[in-house]
Amino acid sequence: MSDRFYLESSRGQAQLPRRLELDAFPATVGRHPDCNVQLNVDRISRLHARFELRDGQLWVEDLGSTNGTFVNHELIKDLTTVKVGDVVHLADHEFRLMREQGAGLVRRSVSSAETVVGMSALPREFPLQMAAFFDLLENGKVASFYQAIHRGDGTFYGYELLGRSTHEELTEGPGQLFALAAALNAEVRLSRLLRRRSFEAASKAGLKAPLFFNNHPTECENFDELLSELASLRSKFPELRLVFEVHEAAVTDQSAMASVRRELSRMNIELAYDDFGAGQARLLELVEVPPDYLKFDISLVRGLEDRDSAKFRLLETLNSMISDMGIRTLAEGIETETTATLCREIGIDFLQGFLYSRPKLITSET
């Protein structure tokens, strides 16, 4: 009797068959009827993954699925070996690879040096909110918030657009969402969802002031794709006054940024360099590709309480130099009147922080 591989589903996943036979190779798993193993459940793509057997070794490849394929909790990007006993996730659906060898059941990789016939239940530590996160992405369970930005004299200027989860299982703020997104290679999907929803909410609310919006640094790895998405959004929301914030760490290629600047100008979207001073302050890029705004990193502002401090002198020097280039500056993280007063003395153009307002939900009555 020849060996037979199969995927055994984790207990507690009632929507899944207990056993998925891999009895012909290559074995394709997905929702499509032509798949060798049809798995018609949520978050599985039409063509999700393919298993191949080569010289007795099993390999798995993701077929460009929406929600990923994982082996032992690691997202796979290329053809990857998978051994008997390995944990395989198709999206958030959990399996263990098993093999029937002759008349017996092999519960783990078998070599000349090791035979294991018992195995514990599948581990459950793989991102516990994984299913909730995919549910959030697929069903758009997010809400749009904004935080006011004020001029140095205290008068209102604009807003920064922000996103929050409305999923009942994901309540710990944006940090939790982006940590999950990073684990699941879904940062771009999450960033796009939050941005799209923010623009929709701002448009419905009739916001007329400048709207600063973020991107995830991963998106800057493909500026062409990012700009294409922004062009699509701009065509849908031509009335919004938009300011695109790009993290200063992403401003590394002057030629690419010059192209981005031109495309944004063509779309009537202003440019801001965000978190300036968080790492290596890229002064050359300021000269070669000057933005409309520069946002100082919160670390330069928070705790600014003394005009004789080194932090005050540093911020004063940076602001003077940047302002001389015709770039407007913004300090975020303003929490006390003293910090606001010192920022005004320095000459920073715009102020943002809890002293003025906390993020608020955007509604039609906003």
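**View 1. Glutamate 94 sits in strand S11, which covers residues 93-101.** Strands here are DSSP E runs of at least two residues and helices are H or I runs of at least four, both numbered from the N terminus. This is a predicted model, where local features need pLDDT of at least 70, side-chain atom pairs count only at pLDDT 80 or more, and totals for chains, interfaces and linings use all residues. Residues are numbered from 1 along each chain as its sequence is written, and side-chain values use heavy atoms, with hydrogens and water left out. With a relative accessible area of 2%, glutamate 94 is buried (buried means under 20%, exposed over 50%, partly exposed in between, using a 1.4 Å probe and protein chains only). Its side chain meets that of histidine 89 in a polar contact of 2.8 Å. Such a contact is a pair of N or O atoms within 3.5 Å; within protein, one must be able to donate a hydrogen and the other to accept it, and residues adjacent in sequence count only if both atoms are side-chain atoms.

**View 2. Welcome to the largest nonpolar core, a set of 52 residues.** A nonpolar core joins buried Ala, Val, Leu, Ile, Met, Phe, Trp, Tyr and Cys residues through side-chain atoms within 4.5 Å. Phe244, Leu264 and Phe296 have the most contacts inside this core. Helix H4 (residues 223-236) gives the largest share, 5 residues. A second, separate core has 23 residues, including Ala49 and Phe51.

**View 3. Here are the surroundings of phenylalanine 296.** Beyond its neighbours within four places in sequence, phenylalanine 296 is in contact (heavy atoms within 4.5 Å) with residues including Phe276, Leu315, Asn319 and Glu332.

View 4. The disulfide count is 0, where a disulfide is a pair of cysteine sulfur atoms within 2.5 Å.

View 5. Most residues other than glycine have a negative phi, and most peptide bonds are trans.
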